[in-house]
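The following note concerns the model shown below.

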Amino acid sequence: MPKESGRKVVATNRKARHNYHVLDTYEAGIALMGTEVKSLREGHASMVDGFCTFYNDELWMEGIHIPEYNQGSWTNHAARRRRKLLLHREELDKISQKIRESGFTVVPLQLYFLDGRAKVEIALARGKKDYDKRQTLREQQDKRESLRELRERNRR
């Protein structure tokens, strides 16, 4: 059987870029149970309420919903359990130092398979205020309208 290659996205947290200013991103491995991996391979996951916290100098991801595996038995996992993220010690130290400053948080952005291994893209982020969110939406709308006008001019 050939080995998987490439990147297969399972879930994305689209609200994260709306609610936060993303400052730095990291790729982390995830410590998963067997039935969690099987459920992810089927494409089932939700990252809506996901966040990351430090416990005993280790980074843990919470609030991610990976539903139980359909063909699982008594070995099935809890859907919203805490999952350990696998990062190098230097990266963990850098992230924990930034989190100690006020206003910073760690948010999961994307859950995917890279060459057959489950990975998560996490971001060091700062929360946006309401006026920042409105400004971002306004900029996106202006960009969309300008592209639409250019497209219509090119058609003529």
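1. Arg7 lies over the face of Tyr112, at 3.7 Å from the ring centre. A charge is taken to sit over a ring if NZ of Lys or CZ of Arg is within 6 Å of the ring centre and within 35 degrees of the ring normal. The charged end of Arg82 is likewise placed over the ring of Trp60, 6.0 Å from its centre.

2. On the basis of the model: it is predicted, so that local features need pLDDT of at least 70 and side-chain atom pairs count only at pLDDT 80 or more, while totals for chains, interfaces and linings use all residues. Residues are numbered from 1 along each chain as its sequence is written, and side-chain values use heavy atoms, with hydrogens and water left out.

3. Strand β6 covers residues 104-114, and nine of its 11 residues are buried, so the strand is largely enclosed by the rest of the structure. Buried means under 20% relative accessible area, exposed over 50%, and partly exposed in between (1.4 Å probe, protein chains only). Helices (H or I, at least four residues) and strands (E, at least two) are DSSP runs, numbered from the N terminus.

4. Strand β1 (residues 7-12) runs antiparallel to β6 and is joined to it by five bridges; two strands pair if DSSP finds at least two bridges between them. Within this pairing, Tyr112 of β6 stands opposite Val9.

5. β6 also pairs with strand β7 (residues 117-127), in the antiparallel sense and over 10 bridges. Gln110 has Glu121 in β7 as its bridge partner. Two residues separate the strands of this hairpin, where Asp115 takes a positive phi near 55°.

6. The largest nonpolar core has 24 residues, and those with the most contacts inside it are Leu59, Leu85, Leu87, Val120 and Ile122. At least two residues of this core come from each of β1, β2 (20-30), β4 (58-62), α3 (89-100), β6 and β7. Another core, of five residues, lies apart from it and includes Val107, Leu109, Ala123 and Ala125. A nonpolar core is a set of buried Ala, Val, Leu, Ile, Met, Phe, Trp, Tyr and Cys residues joined through side-chain atoms within 4.5 Å.

7. Ser39 is found in helix α2 (residues 34-41) and is buried, with a relative accessible area of 1%. Not counting residues up to four places away in sequence, Ser39 touches His44, Ile66, Pro67, Glu68 and Tyr69, where contact means heavy atoms within 4.5 Å.
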